[in-house]
Amino acid sequence: MGDVAPTAAMVRLSPLRGTSGAGDLDGLVDEQLGHFGIDPGTVYGAALARMARRLYECGEDADAVWVTTQKALAQLDRADAGALFNAQKFLSFQCAKVLDTLMNPWRATYQSLRMDASSTSAKGPYAVFDNVPAIFSASPVVVRTATYSYASAEWVREAFCGKELMLDIYSRLLSPTSVALANHIVDLECGHLAAEYFAWNFSSGMAAIDATLGHVLGYEDVLVRSLNIYGGAFQLIHQWYGKPSNLNVAVETFSGHTAESARECWEAAATKHRDRLERGRKIYVYLESPCNPQGYCLDVPAICREAHAAGLRVVLDSTVATPFLQQSLQREDERERPDFVIHSYTKDIAGSGAALGGVVIARTADMFAPKGSPGWENTMFWNVYFVKGAFLDAQAASDIMLGAKTLVMRMLQKCINTIVLATFLDAHPHFHVQCNALPDSPNAALRKSQLRFGLPAPLFTAHIADGTVSRAAFTAFFDGLEPAFSHQISLGQTNSIVSCPALTTHSELDNDSLDAAGLKRTTVRFAVGCEDPKDLLAGLIASAQTNLDPACPGFSAKFMPLDTADALIRRVYLDAHAAYADAKPPMRAYLG
Ligand SMILES: Cc1ncc(COP(=O)(O)O)c(C=O)c1O
């Protein structure tokens, strides 16, 4: 009985996991009882010893299940994998049932201590007793706590070194709700490659961008960025990272959408900043695709391939696409994948407009390693996440997960509405539309090759040709778009919104930067929602009738005829659904 040498899996379950000197399994059990001052000769001591012994064995069995599962999965067909899933689910319920049963003696022992009511009140409910059934909650539990109970001094010491991830220490660092969301976004973004990737959540999209730039950029590095990026990112990059008294990062911008345009920019940057590179500084690439505000796409895989060939790392803000339209980390050719993918959850992933959050997804080796293991200090966890404190609140994480359940349905309707709206506006002779949903858009080919199902991102801009209407009439038209289009700022909600980027989301850009970004003072950004597209068109026509016709007679009559609009909506609805259905592999592939 006593001659079983303790394995690593067993020692991990010991209260003395860092210092145990037990030479066999019985030794581990004795140590455990001794550590808590329990006499194994008592009736309850013998019962505890028996259970502890089996738990050590169970810990080893669980490790074996993990190892055999990893080996088996690649060989199992869908039926066998489903059976294995259900068998493991049942084992998990059995473990939880054992834990739940253990709560009875534990609670009774606690109650026998007969603490004074003032102590009972000050301590509050002993949460673990009643938290066990929460394992069976069908939605991830919203963990509203700053701190957590830990098992023993040696366990929590390992937790502080990132060697015991089951023990959360403090909700600014990790919370189970945030971890559930992080795991979920990796599944959504990385699909079959999820095991290679890891995510850290942040309190906003901007915090995620800042964390990524803060992680990669050093003093006097060079950042090559795409032209059209969110105004907040523009400000952060130029006015914080670029500020001489901060990191004095040199920022260079490329205006095209191709790898050639990006490459020319970093080659020119290498010449211009040769002195920096000679001092060991590095060039990094920052992309936003599809971009805010026009929804144009970059050739992300080609840019990544060339950047990696040149030894550069790439950051991609993929917020506007969501994983519905773009899954850059699932490219089979690893060189075509960005190194870091960022989403603002605040937008379409949450979808409600009621929760803020952001995330960075990258290869596990870039994101986390236990303290002390090779390269641990250069992982995002220890380099920025652990120390900066921009952590995602559990309630927000839960709201985002609930919202994400309807991502696909929302996005499909939004893409349909985008094609309808852009086509309808573009058919009017005085509207100029920048949207790659239009077949003759210079960015249409990239939309088709880059975005899933060939559908456009639900974001575009339009302006009325210069000199057609007065500024006052335009402003009245814009203000008259409510309630069909909400006067709000944050893209990615279920309702359609309009804004003037030059006055709002891109007001950080100076006049030259606005011109370079193709933004006029009267450019309207449409962030398209899920409404009935006919209500959206009706709202446009009505505001034009009220506000533009008096100044520019016949303006509204130049919109496409109503029966043409009916036919357009029907066609787009059917085509988009067909594109979505046709992109699915045949049934045969689902059973392989
Ligand atoms: C493309 C893009 N990235 C990032 C952000 C920042 O996200 P958050 O508002 O969650 O900080 C925004 C905000 O509008 C955005 O449009």
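Mentor: Let us start with Gly-311, which follows H13 and has a positive phi, near 80°. Please keep in mind that the model is predicted.

Trainee: Which residues of helix H13 are buried?

Mentor: In H13, residues 300-309, the buried residues are Val-300, Ile-303, Cys-304, Glu-306 and Ala-307.

Trainee: What do the buried residues of H13 pack against?

Mentor: Their partners are helix H11 (259-272), strand E4 (283-288), strand E5 (313-317) and helix H19 (444-450).

Trainee: And the loop between E4 and H13, which proline has its place there?

Mentor: Pro-293 does. The peptide bond that joins Asn-292 to Pro-293 is cis, with omega about 20°. Another cis bond runs from Glu-482 to Pro-483, with omega near 0°. Pro-483 lies in the loop between H20 and strand E10 (497-499). As background, most peptide bonds are trans, and most residues other than glycine have a negative phi.

Trainee: Why does Arg-114 count as exposed?

Mentor: Arg-114 counts as exposed because it has 8 C-beta neighbours inside 10 Å, and the limit for exposed is 12 or fewer. Glu-220 has 18 other C-beta atoms within 10 Å, so it is partly exposed.

Trainee: Changing topic: how do H20 and H22 pack?

Mentor: Helix H20 (residues 471-479) and helix H22 (residues 533-547) pack at an angle of about 145°, and their axes are 8 Å apart. The crossing of H20 past H22 is right-handed.

Trainee: Which residues meet there?

Mentor: From H20, Ala-473, Ala-476 and Phe-477 meet Ser-543, Ala-544 and Asn-547 of H22. By class, this contact of H20 with H22 has 4 nonpolar, 2 polar and no charged residues.

Trainee: Last topic, the ligand. Which residues come nearest?

Mentor: There are 15 residues around the ligand, and Ser-204, Gly-205, Met-206, Ser-344 and Thr-346 come nearest.

Trainee: How does the shell around the ligand divide by class?

Mentor: The shell comprises 5 nonpolar, 8 polar and 2 charged residues.

Methods: Residues are numbered from 1 along each chain as its sequence is written. This is a predicted model: local features need pLDDT of at least 70, side-chain atom pairs count only at pLDDT 80 or more; totals for chains, interfaces and linings use all residues. A residue is near a molecule or strand if its C-beta atom, placed from the backbone, lies within 6 Å of it. Ala, Val, Leu, Ile, Met, Phe, Trp, Tyr, Cys and Pro count as nonpolar, Asp, Glu, Lys and Arg as charged, and the others, Gly among them, as polar. Axes are lines fitted to C-alpha atoms, for helices over the stretch in contact, and angles run from 0 to 180 degrees between N-to-C directions. Helices (H or I, at least four residues) and strands (E, at least two) are DSSP runs, numbered from the N terminus. A crossing is left-handed if the near helix is turned anticlockwise from the far one by less than a right angle, and right-handed if clockwise. Two residues are in contact if their C-beta atoms, placed from the backbone, lie within 7 Å. A residue is buried if 20 or more other C-beta atoms lie within 10 Å of its own, exposed if 12 or fewer, and partly exposed in between; C-beta atoms are placed from the backbone.
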